[in-house]
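Dear colleague,

Here is the structure I promised to pass on to you. Please have it open while you read, as my notes follow below it.

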Amino acid sequence: MALVGTDKDMSFYIGREASKLWKRFCAEVTTEINLLAENWKYILGGLICQYIHGLAARGVHYFHRPGPILQDVGFYLLPELGQDRAYISETVFTTVFLSFVLWTFHPFIFKTKKIYTVLIWCRVLAFLVGCQLLRILTFYSTQLPGPNYHCREGSKLATLPPPDNILQALLIVPRGVLYGCGDLIFSSHMIFSLVFVRTYQKYGTRRFIKQCAWLAVIAQSLLIIASRKHYTVDVVVAWYTVNLVVFFIDKSLPELPDRTSALLLPVTKDSKSKEENHKLLNGNLGDPAEWRPRTQINGKIVEDGKTVHEAVINGV
């Protein structure tokens with residue numbers, strides 16, 4: 001009998017938590033849809049710029065001419081991984097990339113709300129676009145012979161024949177992304193990784209994860225050179241360029257709004273509507289006991305789960 005009672009209690013607990021999770025998810029979806037309706041132009045513009053960047057990287061491949069690998073101090077100091085182990089650097093990059101993407105969607109699941117998904121991606125896309133515009137100007141200014149295996153003399157992939165039609169020139173295929181040549185200075189992988197890690201450094205809450213993220217970026221830098229995917233200069237330039245671009249763009253943008261602010265949703269004179277808006281912004285549509293007070297200290301985020309933001313009406 002005791003076992004049956006325990007099973008019933010467990011089923012009741014699971015059902016109650018699942019119901020809370022679903023309500024929290026629906027509340028967050030509603031909030032993010034409202035934000036997307038206000039900021040869709042920034043998201044769309046950022047995505048279009050991602051396509052333009054990919055198109056520019058493919059375009060420079062038509063100009064690439066293979067030649068002797070340039071002298072590089074990183075190539076002397078780091079042993080070559082070889083083609084069979086070149087996947088290691090891509091594995092590290094993929095881990096950083098996917099981890100960050102999943103983190104940006106954590107408000108849909110977790111009670112503690114640190115960011116708005118739409119607003120954080122508006123900010124990230126602004127950082128990426130600024131860095132990628134500089135990158136396009138750089139690798140079109142001077143085309144270096146690629147050090148990667150498929151970009152060397154004798155490889156059929158080192159050069160691209162002229163496109164047969166405009167559609168072929170505008171079409172970006174995954175194979176072209178993986179086997180591009182000529183878009184060297186500066187590393188696109190480093191752009192994404194540094195932007196993601198710097199963003200989590202500011203808005204994340206777990207100190208251990210921040211430390212691991214920076215170690216992963218450092219390891220990725222070395223692995224990119226060891227895999228001969230880039231020259232050392234491509235990685236070095238990325239380190240200071242991306243950090244400077246992010247610093248200045250971040251200063252020019254308004255800070256992200258506080259999650260407890262009710263300014264993002266219309267507030268009526270009806271006290272019940274105000275209460276519902278408060279619940280919605282905190283991801284709680286059910287029990288008021290789930291409301292959690294959030295501390296605000298100088299627009300910063302306190303480590304290990306304590307949240308603080310600067311309340312702004314139109315934060316992007």
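The accessible surface of the protein comes to about 17,400 Å², and 66% of that area belongs to carbon and sulfur atoms. Please bear in mind throughout that this is a predicted model, and that the values I quote were computed from it. Of the 316 residues of the protein, 44% count as buried.

As for the fold, the secondary structure comes to 10 helices and zero strands, so that reading along the sequence gives the pattern α-α-α-α-α-α-α-α-α-α.

The UniProt record, an unreviewed entry, places the feature "transmembrane region" at residues 86-106, 118-140 and 177-196. In the model, the span 86-106 is 86% helix and 0% strand, with its end C-alpha atoms 32 Å apart. Residues 118-140 are 100% helix and 0% strand, and there the end C-alpha atoms likewise lie 32 Å apart.

I then turned to the aromatic side chains, where the count comes to 17 aromatic pairs. One of them joins phenylalanine 97 and phenylalanine 192, whose rings are 6.1 Å apart from centre to centre, with 55 degrees between the planes, a tilted arrangement. This pair links distant parts of the chain, since phenylalanine 97 belongs to helix α3 (residues 87-104) and phenylalanine 192 to helix α7 (residues 188-203), 95 residues apart. Are the two partners buried or exposed? Phenylalanine 97 counts as partly exposed, because its relative accessibility is 29%, whereas phenylalanine 192 has a relative accessible area of 15% and is therefore buried, the cut-off for burial being under 20%.

A further pair is formed by phenylalanine 100 and tryptophan 103, with ring centres 5.6 Å apart and planes at 45 degrees, which is why the pair counts as tilted. These two residues are separated by about one helical turn, because they stand three residues apart in helix α3, and both phenylalanine 100 and tryptophan 103 are buried.

Finally, ring pairs link Phe93, Phe97, Phe100, Trp103, Trp121, Phe192, Phe196 and Tyr200 into a cluster, and the residues of both pairs described above are among its members.

Conventions:
Residues are numbered from 1 along each chain as its sequence is written. This is a predicted model: local features need pLDDT of at least 70, side-chain atom pairs count only at pLDDT 80 or more; totals for chains, interfaces and linings use all residues. Side-chain values use heavy atoms; hydrogens and water are left out. Helices (H or I, at least four residues) and strands (E, at least two) are DSSP runs, numbered from the N terminus. Buried means under 20% relative accessible area, exposed over 50%, partly exposed in between (1.4 Å probe, protein chains only). Accessible areas come from the Shrake-Rupley method with a 1.4 Å probe; for residues, only the protein chains shown count as cover. UniProt positions are given in the numbering used here, feature names are shortened, and annotations may be inferred rather than shown by experiment. Rings of Phe, Tyr and Trp (its six-membered ring) pair if their centres lie within 6.5 Å; planes under 30 degrees apart count as stacked, over 60 as edge-to-face and the rest as tilted.
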